[in-house]
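Trainee: I have a structure open that is new to me, and I would like to learn how to read its features one at a time. Could you take me through it slowly?

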Amino acid sequence: MSDAPDTLASTEALRSQLSFLPQHACDRILSRLQHAIHYEPVIGIMGKTGAGKSSLCNALFQQPVCLTSDLMACTREPQRLVLTVGERSMTLVDLPGVGETPEKDETYLSLYQQLLAELDLIIWVLRADDRARATDIATHRALLNAGADPSRFLFVLSQADRVRPVPDGEEWQALPDAEQCLSLAVISSMVAGQLSSSFPVMAVSAHTSYNLSALVELIVHALPPQASSTVYRQLKSEHKNAESDSAVRLQFGEIAGSAFDSVIDSNSLPSGLRVLLSRLREKLVQLATSLWDKLFG
């Protein structure tokens, strides 16, 4: 894919900022930045059949990504869906849900293990009103034993609006009432104790959009820095807020800083030059942050 005019102009702006450096150092820094700009993340969606994986995906992303059904397990094969908005693309791997039969679960677990190495994040969906989590726990433990990193898992409680006690005549209310919020807090705490992750358990409702903005913020922080900007580009604008916007821009700025650090080692240089390079790094980070909209917006 050829670069869009905004991408080319942004690259030249970054190059100009680095013009003080030797050509080979500038090229290496820009090469690392280009890798981040064009990085295509791969996100896995896991969970039991009927947990609401497909519904959550369709609620979060700008493009419809998979079918939904209340009556049957409609996702029986892994679906690789390439989502593209503007010049940026990502792959969403919608995995078949565990919990249909022991034979299928064994096949699915083997599939999950094969995919671990390429997934930037695994969003694991559980129904908030389902207490039967033995299959999820067993599958998660097997993946950890296979070498999965707990920091790659993000556990989401779906269908939070259905958690009892549901107020009479208000089954689809936008926000849980006080009793439901207490129930969700208890369930989230239980799940956090049963399934290891580096991130809090998030209760959401795809149907009412409850907590989807908070989930987007959490996804930004959970993703590796090189993946967050492109994934964020694919998400629906109504679930973004000032906090998530700021976080994703700052992450991209820090990628620029890390690229600079990987090429420039100022420890052995005179103090005056170290100060100059530190200022140059700061300006590069600021410029990269300010260019986010042109590159991903």
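This is a predicted model: local features need pLDDT of at least 70, side-chain atom pairs count only at pLDDT 80 or more; totals for chains, interfaces and linings use all residues.

Trainee: Which residues of α3 are buried, and what covers them?

Mentor: The buried residues of α3 are Lys53, Ser54, Leu56, Cys57, Ala59 and Leu60. Their cover includes the strands β1 (42-46), β3, β4 (121-127) and β5 (153-158), together with the helices α7 (212-222) and α8 (225-234).

Trainee: Where should I look for the buried residues of α1, and which residues are exposed on the other side?

Mentor: In α1, which spans residues 5-17, the buried residues are Thr7, Ser10, Thr11 and Leu14. These four lie on the same side of α1 because they cover an arc of only 100° around the axis. On the other side of α1, Pro5 and Ser16 are exposed. The cover over the buried residues of α1 includes α2 (23-37), β3 (88-94), α10 (271-290) and α11 (292-296). As for its length, α1 has 13 residues and reaches 18 Å from its first C-alpha to its last, which is close to the 18 Å expected at 1.5 Å a residue.

Trainee: Now the strands, please: in what order do they stand in the sheet, and which of them are at the edges?

Mentor: The general idea is that strands of a sheet pair through backbone hydrogen bonds, in either a parallel or an antiparallel sense. Here an open sheet of 6 strands has the order β2-β3-β1-β4-β5-β6, and its pairing is mixed. The edges are held by β2 and β6 (202-203), each of which has a single partner strand, so one side of each is left without a neighbour in the sheet.

Trainee: How many bridges join β2 to β3, and how many join β5 to β6?

Mentor: Strand β2, residues 79-85, is joined to β3 by 7 bridges, and the two run antiparallel; within this pair, Thr84 stands opposite Ser89 in β3. β2 and β3 form a hairpin with 2 residues between them, and Gly86 in the turn has a positive phi of about 65°. β5 and β6, by contrast, pair in the parallel sense over 2 bridges, and Leu157 has Ala203 in β6 as its bridge partner.

Trainee: What separates Asp245 from Arg249 along helix α9?

Mentor: Asp245 and Arg249 are 4 residues apart in helix α9 (residues 242-263), which means that about one helical turn separates them, and their side chains meet in a salt bridge of 4.0 Å, N to O. Asp245 is partly exposed, with a relative accessible area of 27%, whereas Arg249 counts as buried at 19%.

Trainee: Which parts of the chain does the pair of Glu254 and Arg281 link?

Mentor: Glu254 forms a salt bridge with Arg281, the closest N and O atoms being 4.0 Å apart. This pair links distant parts of the chain, with Glu254 in helix α9 and Arg281 in helix α10, 27 residues apart. Glu254 is partly exposed at 42% relative accessibility, and Arg281 is partly exposed at 22%. Finally, salt bridges that share partners join Asp245, Arg249 and Asp293 into one network.

Conventions:
Residues are numbered from 1 along each chain as its sequence is written. Side-chain values use heavy atoms; hydrogens and water are left out. The expected span of a helix is 1.5 Å times one less than its number of residues. Buried means under 20% relative accessible area, exposed over 50%, partly exposed in between (1.4 Å probe, protein chains only). The arc is that of the directions from the helix axis to the C-beta atoms. Contact means heavy atoms within 4.5 Å. Two strands pair if DSSP finds at least two bridges between them.
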